[in-house]
Structure formats: C-alpha cells, structure tokens
Amino acid sequence: MFSLHKKRYNRLAMKRILITGGAGFIGSHLCERLLNEGNDVICLDNYFTGSKDNIRHLIGNDHFELVRHDVTQPYTAEVDEIYNLACPASPIHYQYDPVKTIQTCVIGSMNMLGLAKLVRAKILQASTSEVYGDPDIHPQVEGYWGNVNPIGIRSCYDEGKRCAETLFMDYHRQNNIRIKIVRIFNTYGPRMSMNDGRVVSNFIVQALRNQDITIYGDGQQTRSFQYVDDLVEGMIRAMNTGDSFTGPVNIGNPGEFTMLELAQKVIDLTGSKSNIIFHPLPQDDPRQRKPDISLAHKELGGWEPKIRLEEGLKRTIAYFEKIV
C-alpha cells in the first residue's frame, strides 16, 4: 500500500517538459538530465542539426517522447515547462540557410510563446552570447546592449536571437507569460557534431587525425569554454527561479583562453603530431568573449561552472576517439 501511494505521489510531482531542439548536442544532455530527475520529457526536433543518435539511448523510456517537428510550424501539447533550444548554433550551419535560421529564431519563438500562453507553461529561451556581437566591453555583462552588425553574414543568428529575446520580454509584459532568458556562452562536450565548424570539435578531430590544426586569424582572439554539464545545471536552475526573475542571465565559464592556447592544450592531451596553421579571420568574428557571471551566481543559487577546461577536454576527446 505504501509503495503504491509513493508511486502516485511521484507521478503527481512529475513535470511535463517540452524541449525544442532536444536531439541536438545541448538538448540531448538536457533531455537526459530531466528524465533522470523523474520528469516526462517531449523531445521536439526536425533533425536539421540534431540527430537521433544523440537521444537513441533514451528511446524506450516510458517517460520520453520523440516528435519530429519544425518549430516554425505550430505545435500543441499539455506541458508545464518549455525549453526553447531549437536553432542551428554554429556558423557553418546557420549560414547554410540564413533565412531559415531567422525563421527558426523568430517564428519558432512566437509559436512556443503562443503554446506557453495557451497552456500556461513556464518557458525558457536559450539565447546566446552572440547577442553581444564583437563586444566593446570586457567581460560582458547582461546590461550591455552589444555591438552587432545587422547586415553581416552572422546576422541571421545574432539578430535572430536578439529578436527572440525581444519577443520573450514583450510576451511577458503584454501577456504575463512566465519567461526565462539565458545567454549561453561557448559550450563543448560529448555529442558535439564532428562537422559543426566549432573550434573545440574542429581542433579535437584534426588532432586525432594528425591533420593540421586550423586557426583563423592570429590565434590571439579569446573565448571562454563551458562544459555541457555546467550549462545544463545553470539552465535548470534558471527555470526553477521565482517568477520575478526573467533574466537575461549569462551562463558560461569566465576562464578565458586564446585560440593558440586551446590548440596547444588539445595537441598535448591527444598526443597529436598536428601542426598549427593560420587562415584569414572570418567576417564579424568576435575578438573577445568572456561572461561576467555575477548575476548567475546571485540569482541561480550560487551557480558557477565546476568542470575545468582540461577535465572537460579529456571527456570530450574520449567521446571523439570512439567516432573519429
């Protein structure tokens, strides 16, 4: 009798959670974490950049549902929370079809906000550090409005995400939708695509193959690298904050490294014979990127990244060694 009562109690406590882009690199880790916490999870993805391989181990779980769907088309489900991650996030992918990228950011956000309004769900927008563009201040704080080229080759993503933030705030102010906005800085880890053009995956794959490691520019531009588990923890904490806190809030690792430093770390950790070569810097590529995470620490229960770069790279290299 007790065990039956306990089962019913847990079922009532379970949340129904929709994750758009759930078969992507970050989305798959979020699906896994929320399932492990005892929730019902609907994974929505059109597989433009996501892959069934990322969530194949979750299929068969009674509390996991996989739906092939494009967020630019309306979708309805009875859910308590929505994590809106759907959008290609690397230049090679979002520049492949820039109009589709903007549609995903804007129309996709409107569709998910409409669903949140319909079913009274709380909704989190996965925004990006790219809203800061090539920043004039360093590190970047949430109050900084950014330095973004509105007509450049990266604009479909940068401005698409900025517009999505605007939509979230306006739905919140106009319709009293419960929203959260997190600005995600460079994130890496297992299940990254080999061909996504991101610097960590590029360097690791090239190193494992003993190919030349390609650096764009002089290698002195900097990034901060966040392991995916730290990001997922921050996103869940943001979702669970009280309704008075909407964000935006930076979720990233304030450790700052040049591209040359990252390349050398990857070479050392893989024991690679790769050489480093230099190519011209792409248009509008930011010179510096580093989050100020003091707001996240204050509002997200003392959140801060736990995984150091070397440890995270070792875990990521171990993943790529199995597939390269």
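Visitor: How many helices and strands are in the chain?
Guide: The chain has 11 helices and 13 strands. This is a predicted model.

Visitor: What is the pLDDT like on average?
Guide: The average is 93, and 96% of the residues score at least 70.

Visitor: Where is the pLDDT below 50?
Guide: Residues 1-9 fall below 50, and that stretch makes zero contacts in the model beyond near neighbours in sequence. Where pLDDT is low, the predicted coordinates should not be read in detail.

Visitor: Overall dimensions, then. What does the C-alpha trace span?
Guide: It spans about 65 × 45 × 35 Å along its principal axes.

Visitor: And what radius of gyration would a compact globule with 324 residues have?
Guide: Such a globule would come out near 20 Å, and the chain has 20 Å, so the two agree.

Visitor: What share of the residues counts as buried?
Guide: Of the 324 residues, 53% are buried. The accessible surface of the chain is about 15,100 Å², with 49% of that belonging to carbon and sulfur atoms.

Visitor: What about contacts between residues 24 or more positions apart?
Guide: Those account for 81% of the contacts with a separation of 6 or more.

Visitor: Charges: how many positive and negative side chains?
Guide: There are 37 positive and 38 negative side chains, and the centres of the two sets lie 6 Å apart.

Visitor: Which residue has a positive phi although it is not a glycine?
Guide: Arg 120 does, with phi about 60°. Asn 176 also has a positive phi, near 60°, and is a residue other than glycine. For background, most residues other than glycine have a negative phi, and most peptide bonds are trans.

Visitor: Where is Arg 120 found, and is it buried or exposed?
Guide: Arg 120 is in the loop between helix H5 (98-119) and E5. Its relative accessibility is 73%, so Arg 120 counts as exposed.

Visitor: And Asn 176, buried or exposed?
Guide: Asn 176 is exposed, because its relative accessible area is 63%. It lies in the loop between H6 and strand E6 (179-184).

Visitor: What does Glu 130 touch, not counting residues up to four places away in sequence?
Guide: Val 148, Arg 154, Tyr 157, Asp 158, Pro 286 and Arg 289.

Visitor: Now Thr 72. Where does it lie?
Guide: Thr 72 is in the loop between strand E3 (64-68) and strand E4 (81-84). With a relative accessible area of 14%, Thr 72 is buried.

Visitor: How are the C-alpha atoms of Thr 72 and Gly 108 separated?
Guide: By 4.6 Å, although the two residues are 36 apart along the chain. Leaving out residues up to four places away in sequence, Thr 72 touches Gly 108 along with Lys 100, Gln 103, Thr 104, Ile 107 and Asn 111.

Technical notes: Residues numbered from 1 in each chain as written. Predicted model: local features only at pLDDT ≥ 70, side-chain atom pairs only at ≥ 80, totals over all residues. Heavy atoms only, no water. Helix = DSSP H or I, 4+ residues; strand = E, 2+ residues; numbered from the N terminus. Rg over C-alpha atoms; globule rule 2.2 N^0.38 Å. Buried < 20%, exposed > 50% of the residue type's maximum accessible area, 1.4 Å probe, protein only. Contact = heavy atoms within 4.5 Å. Areas by Shrake-Rupley, 256 points an atom, 1.4 Å probe, with all protein chains shown as cover. Lys, Arg positive; Asp, Glu negative; His and termini not counted. Charge placed at Lys NZ, Arg CZ, Asp CG, Glu CD. pLDDT = per-residue confidence, 0-100.
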